[in-house]
Amino acid sequence: MKPGLYPLLGPPASGKTRLALAHALEVLRGRGRVWWVGLPHQRPYVLELFGREGAFLGLEYLSFQALYYRVLAEAGRLGPLLPGAGRVALVGEALRGLYGPGVAPGEARLFARAIAELKRFGLSPFALPKDGEAGRLRRVYLAYERLKRGSLDYDDFRRYAQRAPLRLFPKPHLVVVDGLREVGPLDLAFLRRLAREVPVLLALEVLPPGLEPWETLSPRPLKREVLRLANPVEEARHLLRALKRALAPKDLGGEGLAPEEVLVVAPEERIGGLLLLKEEYGLPLEDGRERALADTEDGEKVLALLSPFPTGRDLLALGFSALGRRALRLGLAGEEALKALAQREGLQAEWEAFSTLRTPGPDPLAWAEEALERLGVSAKEPFLSRLRLALRVGGGAPLAWWRSFLLDEALPPGVGRGVPVLPPLRATGVRARRAYVLDWVAGRYTLGEGEDYFLLEELRERGLLARLPRRLRGLDPLFWEEVATRGEEVYLLYPEAGPSGLYPPMEAGKRPDPLPPASRLEALPHAPFRPPWPRAGGGLPSVEALRRLLECPFRVYLERFFPREAEEDGALGWDALAREGNGLLDHPEVGPWLERHQAHLEGMRFFVVWERQGYRLCLDGVRREGKAVHLYRLLSAGAAPEWDARKRWTEWKAMEELLEGRFTSKVEEVHLWAWPWLGEPVPYRKCPFRRGERLGPLEVIRPRLEEALALWREGVLSSRPGGHCHACTFQDVCRKEGE
Ligand code: SF4
């Protein structure tokens with residue numbers, strides 16, 4: 001090929017890469033040199049394509065960034081590099097200088113992204129209007145450029161490379177640019193310059209305006225199936241079974257594909273769940289998401305250290321296991337809650353060590369270095385370099401900025417070792433023999449086109465800003481086409497419905513044939529172990545336990561072990577009085593109250609138990625006065641009594657016993673009281689209940705008590721889910737046990 005620009009136009013999967021590969025191989029076989037320019041995540045794929053054709057010398061894979069870097073290096077015009085986090089830090093500093101402290105990392109990132117776009121399209125701050133948010137961007141852009149001084153950000157490399165002399169050594173015989181969705185005007189201008197000296201093959205799906213194609217390719221027919229599954233769980237299980245079968249050797253009934261011949265595309269939020277299942281299915285799935293420093297093992301520890309609301313999980317990550325486990329069990333988060341927990345559990349030493357570790361000293365860098373040492377982080381420099389940037393911008397509160405830099409800046413992609421599970425944008429420019437696409441439903445795969453915050457669409461039509469691309473270009477259909485053509489065989493899976501209702505598919509599919517089980521759990525017989533329900537033991541149940549038995553027998557069983565939690569309105573304070581009696585007279589608050597109520601307390605028996613046929617009556621307080629009996633419902637301070645026959649049986653049953661003369665000594669009348677702790681006793685009604693009187697609530701209680709006794713005699717304390725579960729203190733333990 002002679003020097004020149006050879007634009008190659010074709011839709012996704014039309015064979016652009018194959019054609020470029022053929023030209024590159026021809027050059028390589030003639031001992032020529034090829035530079036292949038693409039995105040960093042496409043490198044392993046391209047090298048693998050070449051690897052299948054044999055071993056070659058003379059091939060170099062570069063990103064545009066690396067290409068510009070090389071041009072400037074050859075021309076001797078390199079400057080200190082300002083990486084992405086440094087750029088955000090400088091923008092933060094510019095914002096602070098212009099608008100005062102209180103700049104958040106997210107705000108700085110928003111400005112940094114807008115500045116990067118302007119620079120990518122060769123626009124200076126003076127191209128921006130002076131008013132409104134665009135004017136604010138203009139001022140920040142100017143201040144950023146001033147602060148940057150001699151260092152070069154990624155877009156400066158692009159800009160300077162336009163003017164640098166092209167002294168390429170060693171000179172390539174072919175430059176291929178492939179795998180990009182579009183090239184900007186500066187990149188195109190540079191390629192045109194380069195094309196004066198070497199042939200440049202530029203493969204694109206959409207050519208920039210004014211560029212005529214050298215060759216146009218048509219789409220190739222691919223094998224494509226759309227499969228519908230009932231819900232996302234079924235969909236994921238089907239995918240994993242299909243992958244297992246695809247990778248299994250042929251003599252075991254599989255298809256014998258190699259891991260690099262298969263790829264999976266899934267929305268980013270579903271990838272974590274799939275990876276969790278890889279152990280169960282024994283699949284070599286590989287996380288294809290972009291990773292930040294915070295996603296590494298060391299990064300997770302540093303993130304736990306910097307957490308603004310530390311949780312039990314953070315404590316565990318940092319090695320404070322006793323406090324961490326307790327906090328996790330109780331679901332506690334935040335310094336105050338953890339401190340209180342440590343005090344309650346006697347773990348102050350652990351809490352102190354944790355607080356000391358996460359509190360920066362007067363020299364934050366020295367503190368961070370020591371903390372990283374304590375956390376066992378071996379490669380400290382990447383963390384410290386970001387802290388230096390955070391100290392520059394963060395003023396008095398650099399930790400939030402440090403955290404942000406660890407979370408945001410992407411690491412270079414790793415080399416694939418298994419079946420990649422890729423988010424949609426990472427799947428561009430990468431293909432395999434077989435591709436599975438998950439969640440093929442409307443709205444899931446999108447480029448998220450929308451108005452820009454600073455430069456609205458109409459601004460992008462005016463003056464120099466017309467160089468910027470429009471934000472609303474309707475490129476989604478092309479993107480769908482790209483996602484749906486990532487393999488020679490493509491399986492597009494979608495769930496018919498999920499937690500939020502029906503999902504409209506991108507295209508209707510058929511229900512797949514069931515696949516054989518692919519994990520040990522699936523292959524085992526489908527009879528999960530279910531522990532038997534507990535049985536009612538010996539002894540008499542209280543009448544209240546029988547009442548609650550009708551709602552949920554299993555809860556009654558659990559309440560045996562947690563009696564305090566089971567109390568609906570326990571008489572807190574009264575038990576102390578029952579224990580200590582007049583010993584509380586000296587208490588400054590209780591003493592005067594006791595003296596005031598001597599008439600009621602005189603002869604009172606606390607927490608009396610009457611054993612009856614089949615049940616017990618546990619009365620809070622009983623006092624006898626001649627032929628009158630006083631029954632007391634003792635409540636915690638400020639509580640209101642519950643007398644409804646559907647919610648309280650004890651006192652009504654006791655009254656029945658007393659008034660029907662089932663005791664040896666004759667009782668003529670019964671007084672019913674409710675008495676909150678440190679409050680006044682309140683009678684149920686003014687006149688007492690008299691012998692022979694009909695008690696209405698018993699009409700409700702009697703049949704229900706018979707029913708409850710029959711249930712108790714049956715003995716199985718199984719769960720009975722219902723509306724009462726909302727007020728159950730056992731946090732669905734019955735359901736968890738059953739899973
Ligand atoms: S959650 Fe419902 S079914 Fe489970 S123990 Fe509590 S009340 Fe019973």
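Reading a predicted model

H29 is followed by Gly715, whose phi is positive, near 95°. The model is predicted.

Me: What makes the span of helix H29 close to the one expected?
Reply: Helix H29 covers residues 696–714, 19 residues in total. From its first C-alpha to its last it reaches 29 Å. At 1.5 Å a residue, 27 Å is expected. The expected span counts one less than the number of residues.

Me: Why is Pro125 called partly exposed?
Reply: Pro125 has 17 C-beta neighbours inside 10 Å. Buried needs 20 or more, and exposed needs 12 or fewer. Pro125 therefore falls in between, and counts as partly exposed.

Me: Where is Pro125 placed, and what does Pro125 touch?
Reply: Pro125 is in the loop between helix H5 (105–120) and helix H6 (132–148). Leaving out residues up to four places away in sequence, Pro125 touches Arg138, Tyr141, Leu142 and Glu145. Its C-alpha is 7.6 Å from that of Arg139, which is 14 residues away along the chain.

Me: Why are E3 and E6 said to stand at the edges?
Reply: The sheet is open, with six strands in the order E3-E2-E4-E5-E1-E6 and parallel pairing. Strand E3 (59–62) and strand E6 (215–216) each have a single partner strand, so one side of each lacks a neighbour in the sheet.

Me: How do you know that E1 and E6 pair?
Reply: Pairing needs at least two bridges. Strand E1 (residues 4–9) and E6 have two bridges, in the parallel sense. They therefore meet the cut-off. Leu9 stands opposite Thr216 in E6.

Me: Which residues have the most contacts inside the largest nonpolar core?
Reply: They are Val91, Phe111, Ile115, Val140 and Leu323, in a core of 53 residues. Helix H4 (residues 84–99) gives the most to this core, with seven residues. A second, separate core has 43 residues, including Ala432, Tyr436, Val437 and Tyr445.

Me: What makes Val91 a contact of Val140?
Reply: A contact needs C-beta atoms within 7 Å. Val140 is in contact with Val91, and also with Ala94, Leu95, Leu98 and Phe111, leaving aside neighbours within four places in sequence.

Me: How many residues of each class are in the shell around the ligand?
Reply: Seven are nonpolar, two polar and three charged. Among the residues around the ligand are Cys552, Phe554, Pro721, Cys725, Cys728, Phe730 and Cys734. Cys, Phe and Pro count as nonpolar. Arg and Asp count as charged.

Technical notes:
Residues numbered from 1 in each chain as written. Predicted model: local features only at pLDDT ≥ 70, side-chain atom pairs only at ≥ 80, totals over all residues. Core = buried A, V, L, I, M, F, W, Y, C linked by C-beta atoms within 7 Å. Helix = DSSP H or I, 4+ residues; strand = E, 2+ residues; numbered from the N terminus. Contact = placed C-beta atoms within 7 Å. Near = placed C-beta within 6 Å.
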